[in-house]
Amino acid sequence: MITLFRKPKPGAAPRRLTLHILRCNPADPASKPYLQAFELEEAEGMTLFIALNEIRATQDPSLQFDFVCRAGICGSCAMLVDGRPALACRTLTRDYGSDITLAPLPFFELIGDLSVNTGKWMRGTAERLQTWIAQSEAVDLDALEARMEPALAEAIYELDRCIECGCCIAGCGTAQMNENFVGAVGLNKIARFRLDPRDTRSDAEFFELIGDDDGVFGCMSLLGCHDLCPKELPLQTQIAFLRRKMAVTGLY
Amino acid sequence: MSQIAKSSPLVPPALPEAHRQTGIPELARQSLNESSTRKSRWPARLDLLQSLSGLFLALFLVAHMAFVSSILISQELFYRVARFFEGEWLFGQPYPILVSLVAAGITCLLVVHAWLAMRKFPAGYRQYRAFTAHKSRLRHNDTSLWWLQVLTGFGLFFLTTIHLYDMLSQPSMIGPYESADRVWSGGMWPIYLMLLFTAELHGGIGLYRLAVKWGWFVGDEPDAGRRRLRRVRHVFSTFFITLGLLTLLAYINLGRAHAELAGERYVPPGNTLNTTVNAGKH
């Protein structure tokens with residue numbers, strides 16, 4: 001429904017929301033996943049972050065979910081909202097119906113209820129893809145840093161905005177079928193370090209990292225990553241760019 | 001920093017000391033070194049080949065539709081088009097074997113494309129369930145579009161081979177009456193109807209996805225570019241399906257009118273040799 005029509009009329013009674021939350025505790029072998037419904041009254045400008053905290057404070061202290069920043073910067077609170085990955089802290093309840101279903105992000109290790117261990121996977125991927133500045137020569141720490149064109153610095157910063165929330169992986173059809181796929185988060189990082197003049201790696205060296213079906217050639221351009229990225233990173237453009245570069249590298 | 005660089009897995013590991021001393025020839029040592037550290041280039045080549053074969057097949061589909069739909073203008077034009085592709089303009093007389101050769105080439109390309117595309121199909125029940133559940137959960141346009149492409153692609157494995165074998169084995173039977181008889185009296189119209197929808201959808205989606213995949217015609221604004229491409233795709237599919245339906249209808253009408261004389265070859269009106277044979281039949 002169009003958001004405009006969902007805006008409550010001034011003076012109207014607040015809506016009663018029902019949050020259907022997928023509960024599961026992997027630490028308890030007897031625990032079976034089930035949907036639990038929580039009712040609460042909608043407040044003005046309510047986000048899922050506020051709603052979940054209210055439920056935990058007033059209804060069920062055992063409910064597990066992750067939050068740190070409340071402002072879409074830390075990337076901890078990604079979850080499936082009515083089946084689509086989103087950051088709970090940036091999701092306004094008024095944009096949804098009165099029944100909202102919440103589930104943990106798929107693909108990642110489940111900690112409990114809505115909490116998943118994205119950090120473990122992100123760390124592993126960073127190590128696997130060597131997402132750091134690799135330099136062939138020793139850095140002279142006493143020398144002035146080489147200057148960078150502002151436009152280039154901007155371009156690097158644009159890709160560096162990734163908060164590793166995992167929405168791109170949860171929205172990726174390839175990742176659902178191939179758990180070794182590095183996903184848009186991995187490819188975006190390679191694109192970021194490829195841009196960086198301090199990184200001396202060649203395309204042939206980047207090919208070693210992403211030149212296979214677990215890397216850029218595994219991507220089927222379904223673009224769930226691009227369309228669902230809460231930071232609106234240009235993932236479509238970056239993956240296409242990497243694909244072109246790696247395809248040319250692959251010809252030799 | 002230099003230590004990091006040295007220990008980086010990107011730097012090929014040095015050969016064991018023993019190898020250096022046992023006198024392995026330099027060339028063998030190099031190849032051993034390369035093959036053990038260099039990633040295969042084939043995933044890149046296969047990806048390119050899949051795109052290129054798909055692009056060529058989609059362009060062929062467009063050209064094919066243009067030629068076939070010439071029946072809408074006149075029977076004679078379609079007759080001329082058919083003879084053109086049999087090389088009459090070059091050799092002075094038609095050689096239907098040329099059509100067979102094209103059909104054989106397209107078949108080969110199709111097999112290559114299907115084989116490459118199959119790498120992306122869900123393998124096994126687990127992957128199938130994972131993807132279909134993801135698709136219905138996500139309700140995302142491009143994700144669903146890919147699934148439609150998988151389904152139409154799967155259908156095309158079978159539908160195209162029927163048509164291609166026809167063209168391969170009976171290349172001379174292309175002409176207004178010949179084709180119309182095949183469509184109606186030969187009972188091929190249901191195949192062509194299914195082929196029309198699956199091929200045009202698959203080709204249209206394929207071209208769109210090619211552009212997005214390689215970043216062609218997207219422009220500086222990826223979202224606006226994709227919206228534009230999506231509109232082009234809709235126009236493409238609608239135009240070619242409509243044109244295809246009209247063309248098929250023309251063949252069905254001609255085939256029904258010609259049913260009693262099914263098997264008779266078409267002779268263009270200007271051909272003096274056969275005017276007497278053809279006279280009075282229409």
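A residue is called buried when its relative accessible area is under 20%, exposed when it is over 50%, and partly exposed in between, using a 1.4 Å probe and protein chains only. At 17% relative accessibility, Lys189(A) therefore counts as buried. This is a predicted model, in which local features need pLDDT of at least 70, side-chain atom pairs count only at pLDDT 80 or more, and totals for chains, interfaces and linings use all residues. Residues are numbered from 1 along each chain as its sequence is written, chains are lettered from A and ligands numbered from 1 in the order in which they are written, and side-chain values use heavy atoms, with hydrogens and water left out.

Stay with Lys189(A). It sits in helix α7 of chain A, residues 183-195. Helices (H or I, at least four residues) and strands (E, at least two) are DSSP runs, numbered from the N terminus. Which residues does Lys189(A) touch, leaving aside its neighbours within four places in sequence? They are Thr131(A) and Glu164(A). Contact here means heavy atoms within 4.5 Å. With Glu164(A) there is also a polar contact of 3.0 Å, side chain to side chain. A polar contact is a pair of N or O atoms within 3.5 Å; within protein, one must be able to donate a hydrogen and the other to accept it, and residues adjacent in sequence count only if both atoms are side-chain atoms.

Now step back to the whole of chain A. It has 10 helices and seven strands. Its C-alpha atoms fill a box of roughly 65 × 45 × 40 Å along the principal axes. Of its 252 residues, 49% are buried. Take the contacts between residues at least 6 apart in sequence: 63% of them join residues at least 24 apart. The accessible surface of chain A is about 12,100 Å², and carbon and sulfur atoms account for 54% of it. Such areas come from the Shrake-Rupley method with a 1.4 Å probe; for residues, only the protein chains shown count as cover.

Next, look at strand β3 of chain A, residues 78-81. Ala78(A) and Leu80(A) lie on one side, Met79(A) and Val81(A) on the other, and all are buried. In a regular strand the side chains alternate between the two faces of the sheet. β3(A) runs antiparallel to strand β4 (residues 84-87), and four bridges join them. Two strands pair if DSSP finds at least two bridges between them. In β4(A), Ala86(A) is the bridge partner of Met79(A). The two strands form a hairpin with two residues between them, and Asp82(A) in the turn has a positive phi of about 50°. β3(A) also pairs with strand β5 (residues 99-103), again antiparallel, over two bridges. There, Leu102(A) is the bridge partner of Val81(A).

Positive phi values deserve a stop. Most residues other than glycine have a negative phi, and most peptide bonds are trans. Phe107(A) has a positive phi of about 80° although it is not a glycine. Phe107(A) is in the loop between β5 and β6 (109-112) of chain A. Its relative accessibility is 25%, so Phe107(A) counts as partly exposed. In chain B, Arg139(B) has a positive phi near 45°. Arg139(B) lies in the loop between α8 (124-138) and α9. With a relative accessible area of 51%, Arg139(B) is exposed.

Chain B also holds helix α10, residues 176-183. Why is it largely enclosed by the rest of the structure? Because eight of its eight residues are buried. Among them are Pro176(B), Tyr177(B) and Arg182(B). The cover includes α5 (75-85), α9 (141-169), α11 (189-214) and α12 (222-257) of chain B.

Another stop in chain B is Ser53(B), in helix α4 (residues 42-68). Is Ser53(B) buried or exposed? Its relative accessible area is 5%, so Ser53(B) is buried. Leaving aside neighbours within four places in sequence, Ser53(B) is in contact with Leu109(B) and His113(B). A polar contact of 3.0 Å joins its side chain to that of His113(B). The backbone oxygen of Gln50(B) lies 3.0 Å from a polar atom of the Ser53(B) side chain.

Finish where the chains meet. Gln236(A) is in helix α10 of chain A, residues 235-249. Gln236(A) is buried, at 4% relative accessible area. Its contacts beyond four places in sequence include Leu223(A) and His226(A), along with Val212(B) and Pro222(B). Its side chain makes a polar contact of 2.9 Å with the side chain of Arg226(B).
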